[in-house]
Amino acid sequence: MEKIVGLHIEKLPEGVYLATSDDIQGLIAQGRTISETLEIARDVARKLLEAQAEFKRPSRLKPTQDVFDYPLVVSG
């Protein structure tokens, strides 16, 4: 089942991107590009959710809906 995780992404002075989340405690991902950071964040989120399930902790995440907004980042 897919779930939506809110991410906060910021560009650090070193030129890399850092992603954190208020939705999943412990989610921190860093990459050279936004795409790479999102890919790493997705993997980290998946592993953290698996760990929560293993310890039978309920997830606060909502399942995806049929309609939702998504900010598309386009370079130009």
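**View 1. The largest pocket and the residues that line it.** The largest pocket is lined by 25 residues, among which Val5, Leu7, Leu38, Arg42 and Tyr70 lie nearest its centre. This is a predicted model, in which local features need pLDDT of at least 70 and side-chain atom pairs count only at pLDDT 80 or more, while totals for chains, interfaces and linings use all residues. Residues are numbered from 1 along each chain as its sequence is written, and side-chain values use heavy atoms, with hydrogens and water left out. A pocket is an open set of points on a 1 Å grid over the protein atoms alone, where a 1.4 Å probe fits and protein lies on both sides within 12 Å along at least five of seven lines; its lining residues have an atom within 4 Å of a point. The volume of the largest pocket is about 990 Å³, a volume being the space filled by probe spheres set on the points. Its lining has 17 nonpolar, 3 polar and 5 charged residues, where Ala, Val, Leu, Ile, Met, Phe, Trp, Tyr, Cys and Pro count as nonpolar, Asp, Glu, Lys and Arg as charged, and the others as polar. Helix 1 (residues 34–54) gives the most to this lining, with 8 residues; helices are DSSP runs of H or I with at least four residues, numbered from the N terminus.

View 2. Ile4, Phe68, Tyr70, Leu72 and Val74 make a nonpolar surface patch of about 580 Å². Patches of this kind join nonpolar side chains (Val, Leu, Ile, Met, Phe, Trp, Tyr) within 5 Å, from residues with over 30% relative accessible area and no salt bridge. Leu72, found in the segment after helix 1, has a relative accessible area of 67% and is therefore exposed (buried means under 20%, exposed over 50%, and partly exposed in between, with a 1.4 Å probe and protein chains only).

**View 3. The salt bridge between Arg32 and Glu36.** A salt bridge, that is, a side-chain nitrogen of Lys or Arg within 4 Å of a carboxyl oxygen of Asp or Glu, joins Arg32 to Glu36, with the closest N and O atoms 2.8 Å apart. Arg32 counts as exposed at 63% relative accessibility, whereas Glu36, at 23%, counts as partly exposed.

**View 4. The salt bridge between Asp43 and Arg46.** The side chains of Asp43 and Arg46 meet in a salt bridge at 3.2 Å, N to O. Both residues lie in helix 1, 3 residues apart, which is about one turn of the helix. Asp43 is partly exposed at 35% relative accessibility, and Arg46 is partly exposed at 41%.

Methods:
Helices (H or I, at least four residues) and strands (E, at least two) are DSSP runs, numbered from the N terminus. Patches are made of residues with over 30% relative accessible area and no salt bridge: like charges are joined within 9 Å, nonpolar side chains (Val, Leu, Ile, Met, Phe, Trp, Tyr) within 5 Å. Accessible areas come from the Shrake-Rupley method with a 1.4 Å probe; for residues, only the protein chains shown count as cover.
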